[in-house]
Amino acid sequence: MISASGTHSLEYFYSAVSESRPGIPKFTASGFVDNQLFIHFDSEGMKADPCVDWLKEKPEYFDDETKIFKTRMKIFQLSLRNVQQYYNSSMNGSQSKELPRELSEPPSTRVTYHPFLDQNKITLRCWAMGFYPAEISLTWQRDGEDQSQDMEVVETRPAGDGNFQKWAAVVVPAGEERRYTCHVHHEGLPEPLTLRFDPLSQPNEHTSEKSEAVVTVTFIAMIPLLIVGIVYWRRRQVMTRFMLHQSTIRI
């Protein structure tokens with residue numbers, strides 16, 4: 001999705017179960033813009049609700065979205081029923097639309113670095129990708145002290161290939177990145193992982209800005225040389241024409 005302010009991401013996630021339980025509706029739908037939840041629908045409320053203030057003043061938008069989500073709910077429930085019948089599953093048991101898997105997949109992990117414009121703070125984001133099942137724990141610590149109260153954590157989301165993905169972020173003072181560690185717990189791991197940001201593992205925005213500055217300065221420095229070369233070439237052209245003209249007169 002492209003807007004006047006740049007490129008943004010728009011994602012929708014749907015889930016369906018054969019029987020609802022307390023806190024687990026038969027169908028749920030969630031929409032995200034740039035990883036921020038902005039709309040939610042489930043089979044218990046049966047209407048699309050805004051999750052951000054900037055959409056609450058547009059009720060007509062949610063009327064249309066409610067109709068769309070109701071249609072998709074019917075499609076998902078029908079698909080789930082067909083899958084259950086195909087695998088001789090009982091309609092009395094709660095079964096996810098995703099087929100059962102016996103083997104767990106450990107997450108691939110990394111920590112990324114995102115500086116603020118004022119250069120005094122940065123965001124460290126701990127990623128876990130390609131794991132199964134969905135249950136996972138991502139926590140940040142500062143010098144061994146839990147930072148859960150200051151973390152931003154997104155819900156675990158489908159990765160599109162049967163696995164899942166998730167990230168947790170924390171804002172830290174610039175220069176103190178190495179004091180923070182991300183701790184990952186998942187049943188696919190032989191033991192919990194402890195991650196720390198490695199400045200050599202990825203180029204950051206400062207490096208890119210410096211590279212662009214070097215290229216710009218180099219180009220500016222070459223401009224006078226280019227001008228001198230053009231002036232010299234023009235003079236040679238004029239002198240050559242003058243000498244040819246003089247030779248013609250003498251003949």
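**Disulfide**

I looked for disulfides in this predicted model and found one. I noted the partners as Cys126 and Cys182, with their sulfur atoms 2.0 Å apart. I then looked up where the two cysteines sit. Cys126 belongs to strand β8, residues 121–131, while Cys182 belongs to strand β14. The pair is 56 residues apart and links distant parts of the chain. A disulfide is a covalent bond between the sulfur atoms of two cysteines.

I checked the geometry of the link next.

Are Cys126 and Cys182 buried or exposed? I found that both are buried. I also looked up Cys51, which is partly exposed, with a relative accessible area of 36%.

**Sheet with β14**

I followed β14 into its sheet. The sheet is open and has four strands, which I wrote down in the order β10-β9-β14-β15. The pairing in this sheet is antiparallel. Which strands are at the edges? I noted β10, residues 145–146, and β15, residues 193–195. Each of these edge strands pairs on one side only.

I then looked at how β14 meets β15. Strand β14 covers residues 180–185, and three bridges join this strand to β15. One pair I looked up was that of His183, whose bridge partner in β15 is Thr194.

**Nonpolar cores**

I turned to the largest nonpolar core, which has 22 residues. Which residues touch the most other members of this core? My entry reads Leu124, Trp140 and Val184. The elements that give two or more residues to the core are β7 (108–115), β8, β9 (137–142), β13 (164–173) and β14. Strand β8 supplies the largest share, five residues.

**Whole chain**

I ended with the protein chain as a whole. How many helices and strands are there? I counted two helices and 15 strands in the protein chain. The chain has 251 residues, and buried residues make up 29% of them.

I looked up the contacts between residues at least 6 apart in sequence, and 50% of these join residues at least 24 apart. For the surface, I noted that the protein chain exposes about 17200 Å². Carbon and sulfur atoms supply 56% of that area.

Conventions
Residues are numbered from 1 along each chain as its sequence is written. This is a predicted model: local features need pLDDT of at least 70, side-chain atom pairs count only at pLDDT 80 or more; totals for chains, interfaces and linings use all residues. Side-chain values use heavy atoms; hydrogens and water are left out. Two strands pair if DSSP finds at least two bridges between them. A disulfide is a pair of cysteine sulfur atoms within 2.5 Å. Buried means under 20% relative accessible area, exposed over 50%, partly exposed in between (1.4 Å probe, protein chains only). Contact means heavy atoms within 4.5 Å. Accessible areas come from the Shrake-Rupley method with a 1.4 Å probe; for residues, only the protein chains shown count as cover. A nonpolar core is a set of buried Ala, Val, Leu, Ile, Met, Phe, Trp, Tyr and Cys residues joined through side-chain atoms within 4.5 Å.
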